[in-house]
Amino acid sequence: MPKTYTPEERENIRIALRVAAEKCLARYGVKRTTVDELVRLASIPKGTFYLFYESKEHLFLDVIRSFLESENKRYLDMLQELDENHIVTSLTTIFHQMVMSVYERGMYRFLDDGQVELVMRKIPYGERLDMEKARREYIENILSYFAIDDEDDVEAFQGAFSSIYFILLHADMVKDVGKAVKTLVRGLVLELVE
């Protein structure tokens with residue numbers, strides 16, 4: 001008979017698994033991450049993993065969702081407290097932090113179609129659509145602060161902002177990725193507030 005866990009224990013295990021998945025994602029990517037490595041880092045038995053997730057791909061999907069939810073709230077809160085007197089500097093700081101958070105937490109690996117495919121191949125179609133909707137809403141929520149309502153302008157900004165993230169896939173080729181990202185973000189912000 002499988003072990004039962006209290007709600008608090010269940011939440012602690014989920015958190016430990018998400019943390020382990022982020023570490024593995026940053027270190028190895030999806031493909032080279034194993035369930036054995038995840039349970040070792042989370043300090044749980046392998047059988048327990050399968051009480052929570054059907055596969056490592058389902059865990060990674062949960063990590064993406066959790067990341068988008070927390071980041072969305074965090075940056076929307078920051079935008080609400082935006083310093084209107086120093087709009088370019090404030091927006092540059094916020095957007096730079098957004099991009100660097102994706103880098104530091106290993107989420108940039110999902111910019112690689114191969115990594116995304118590894119996760120999505122085991123995820124039901126409806127959940128994939130939900131994930132794409134959450135990603136779009138994340139950007140749209142941020143853009144809503146700037147009264148950008150022209151669909152072409154929204155698309156252009158989303159494309160430009162998304163392209164900044166792609167530098168992260170080749171961060172090892174950039175001497176100081178943080179400074180490079182900040183320069184690109186500042187240029188985008190100047191275009192946005194123009």
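A residue counts as exposed when its relative accessible area is over 50%, and as buried when that area is under 20%. Ser43, at 63% relative accessibility, is therefore exposed. The model discussed here is predicted; the mean pLDDT of the protein chain is 83, and 95% of its residues reach 70 or more.

**Confidence by element**
- Helix α2 (residues 35–42) has the highest mean pLDDT among the elements of the protein chain, at 96.
- The lowest mean pLDDT, 71, belongs to helix α6 (residues 113–120).

**Ser43**
- Ser43 sits in the loop between α2 and α3 (46–52).
- Its phi is positive, about 60°, although Ser43 is not a glycine.
- Most residues other than glycine have a negative phi.

**Packing of α1 and α2**
- The axes of helix α1 (residues 7–27) and α2 cross at roughly 125° and come within 8 Å.
- The crossing in which α1 passes α2 is right-handed.
- On the α1 side, the contact is made by Ala16, Leu17, Ala20, Ala21, Lys23, Cys24 and Arg27; on the α2 side, by Glu37, Leu38, Leu41 and Ala42.

**Packing of α4 and α7**
- Helix α7 (residues 125–143) packs with α4 at an angle of about 15°, and the two axes are 10 Å apart.
- Angles under 35 degrees count as roughly parallel, so this description applies to α4 and α7.
- The crossing of α4 and α7 is left-handed.
- From α4, the contact is made by Leu61, Ile64, Arg65, Leu68, Glu71, Asn72, Tyr75, Leu76 and Leu79.
- From α7, the contact is made by Glu127, Met131, Ala134, Arg135, Tyr138, Asn141 and Ile142.

**Nonpolar core**
- The largest nonpolar core has 61 residues, of which Leu17, Phe49, Phe95, Met98, Phe161, Leu168 and Val181 touch the most other members.
- Helix α4 (residues 56–80) gives the most to this core, with ten residues.
- Leaving aside residues up to four places away in sequence, Leu168 touches Val99, Val102, Tyr103, Tyr108, Val177 and Val181.
- Leu17, one of the core residues that touch the most other members, is also among the α1 residues in contact with α2.

**Val154**
- Val154 lies in helix α8 (residues 151–166).
- With a relative accessible area of 11%, Val154 is buried.
- Val154 and Leu59 are 31 Å apart in space, C-alpha to C-alpha, and 95 residues apart in sequence.

Notes: Residues are numbered from 1 along each chain as its sequence is written. This is a predicted model: local features need pLDDT of at least 70, side-chain atom pairs count only at pLDDT 80 or more; totals for chains, interfaces and linings use all residues. Side-chain values use heavy atoms; hydrogens and water are left out. pLDDT is the predictor's confidence in each residue, from 0 to 100. Helices (H or I, at least four residues) and strands (E, at least two) are DSSP runs, numbered from the N terminus. Buried means under 20% relative accessible area, exposed over 50%, partly exposed in between (1.4 Å probe, protein chains only). A nonpolar core is a set of buried Ala, Val, Leu, Ile, Met, Phe, Trp, Tyr and Cys residues joined through side-chain atoms within 4.5 Å. Contact means heavy atoms within 4.5 Å. Axes are lines fitted to C-alpha atoms, for helices over the stretch in contact, and angles run from 0 to 180 degrees between N-to-C directions. A crossing is left-handed if the near helix is turned anticlockwise from the far one by less than a right angle, and right-handed if clockwise. Angles under 35 degrees count as roughly parallel, over 145 as roughly antiparallel, 65 to 115 as roughly perpendicular and the rest as oblique.
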